[in-house]
Amino acid sequence: MPDALAESASPEQSPDTMSWDIFCRVIDNYGDLGVCLRLARDLARRGEQARLWCDDLSPLAWMQPEAVPGLSCRPWDESLGAAPGDVVVETFGCELPAPFVAAMAARSVRPAWINLEYLSAESYVERSHGLKSPQFSGPGAGLDKWFFYPGFNDRTGGLIREPGLLDAVTAHHGDAWRAARGWGRRPGERVLSLFAYPQAPLAPLLEALGPGWLLLLCPGAAQSAVPALLRDGQRALALPHLTQDGYDQLLWSCDLNLVRGEDSFVRAQWAGQPMLWQIYFQDDGAHGPKLEAFLDAALAGAEGRWATNWRALSRAWNGLGPWTPACAEALRERPAAVAQARAWRAELAAQVDLTSRLQAFARRASGA
Ligand code: TRH
């Protein structure tokens, strides 16, 4: 048995139905649960049986208020007496409950145990994706844990992209969808969505944007801070929490999306509109190289001057560089920004999606 299982799946390689246990611990904010929900729901809609175990399910009241056939969302503690399914996904290094691991080890056919990691474009991802960690001690002794890294190329685990997603983006009538909710644009106005961490440099952003913008503010600190910072020709509306599907449609409907963390960041790339990423801040500075690695990948095929300006804007938005005239220039050059967003989306869409890769990976890891 090789120590790596990283070769990518072809989408038509659909395994027989399996039962999945996905474990999620909420560190902060919404991304941990957001990613797990997105994966569990995608598996269920492809005919798998999925259980999502989480220590804080409360955001589901707005992210996913309706039941999804095949998906069961349960409190973490209820997993203690549960019988493990065919595949167990430990997300973002959350530690599985010891009794559940012991039950995995006792199962006659051992489950595939997969650690789903955070998304990054850094090169370590390709080196680490698909590696095996044999368990020599503890309740899981004798089991293998496999590392699965999402990513932006075929040497990684890919990105979640549900079947039919890009067709739905293309068919979406963004202006009508927004107008029906009272968030319509005025003639000549551009619309942006803003989902940001509290430390976001809002004042220089508004200055760089200039007039003619409607800002749709997702819940968070920006809703109270932005109104006092608006400049001539700008207006803002505070949005409630949307469902995950509703948030997707918001991204599809805007001319520019400011997103953060991991899940909204991926969804904005599928929207195919210019996107500015506020990366999750880490005290040790690890977010700096992570941002640069993404920009290297996403801007690789873009025009020289615009790409340089957009990089400057991305750094400034993340507090990793100064606000210069280049930042405003990057925002003004919409055709270049749209061309880059579409080309990058097409490059990503040519790859097999994460769920297909994970299904095939789990099947190989379990030896089925
Ligand atoms: O909320 P985030 O910042 O989450 C995370 C966490 O901080 C996590 O600990 C960290 O590791 C990770 O970022 C990098 O951003 P993210 O990932 O975009 O998650 C937000 C989720 O909330 C996403 O699934 C979309 C969803 N959402 C809605 O469903 N409705 C809404 O109205 C909004 C604004 C978001």
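How many residues of the shell around the ligand are nonpolar, how many polar and how many charged? The views below come from a predicted model.

**View 1. Residues of the shell around the ligand.** The ligand is surrounded by 24 residues. By class they divide into 11 nonpolar, 8 polar and 5 charged. Asp28, Tyr197, Leu242, Asp263 and Ser264 are the closest.

**View 2. Polar atoms at the ligand oxygens.** In the side chain of Ser264, an N or O atom is 2.6 Å from an oxygen atom of the ligand. Asp263 places a polar side-chain atom 2.6 Å from a ligand oxygen atom. At Tyr30 the polar atom belongs to the backbone, and its distance to an oxygen atom of the ligand is 3.0 Å. The ligand taken alone exposes 710 Å², and 98% of that is buried by the protein.

**View 3. The pocket and the elements around the ligand.** The largest pocket holds the ligand. Two or more residues of the shell come from each of helix H1 (31-45), helix H2 (60-63), helix H9 (244-253) and helix H10 (263-271). H1 gives the largest share, 3 residues.

**View 4. The ligand and the two domains.** Residues of the shell come from both domain 1 (19-159 + 352-366) and domain 2 (165-349), so the ligand lies between these domains.

Note on methods. Residues numbered from 1 in each chain as written. Predicted model: local features only at pLDDT ≥ 70, side-chain atom pairs only at ≥ 80, totals over all residues. Heavy atoms only, no water. Near = heavy atom within 4 Å. Polar contact = N/O pair within 3.5 Å; in protein donor to acceptor, adjacent residues only side chain to side chain. Areas by Shrake-Rupley, 256 points an atom, 1.4 Å probe, with all protein chains shown as cover. 1 Å grid on protein atoms, 1.4 Å probe; cavity = no way out; pocket = protein on both sides within 12 Å on 5 of 7 lines; lining within 4 Å. Sits in = over half its atoms within 2 Å of the grid points. Helix = DSSP H or I, 4+ residues; strand = E, 2+ residues; numbered from the N terminus. Nonpolar A, V, L, I, M, F, W, Y, C, P; charged D, E, K, R; others polar. Domains from an automatic or database assignment.
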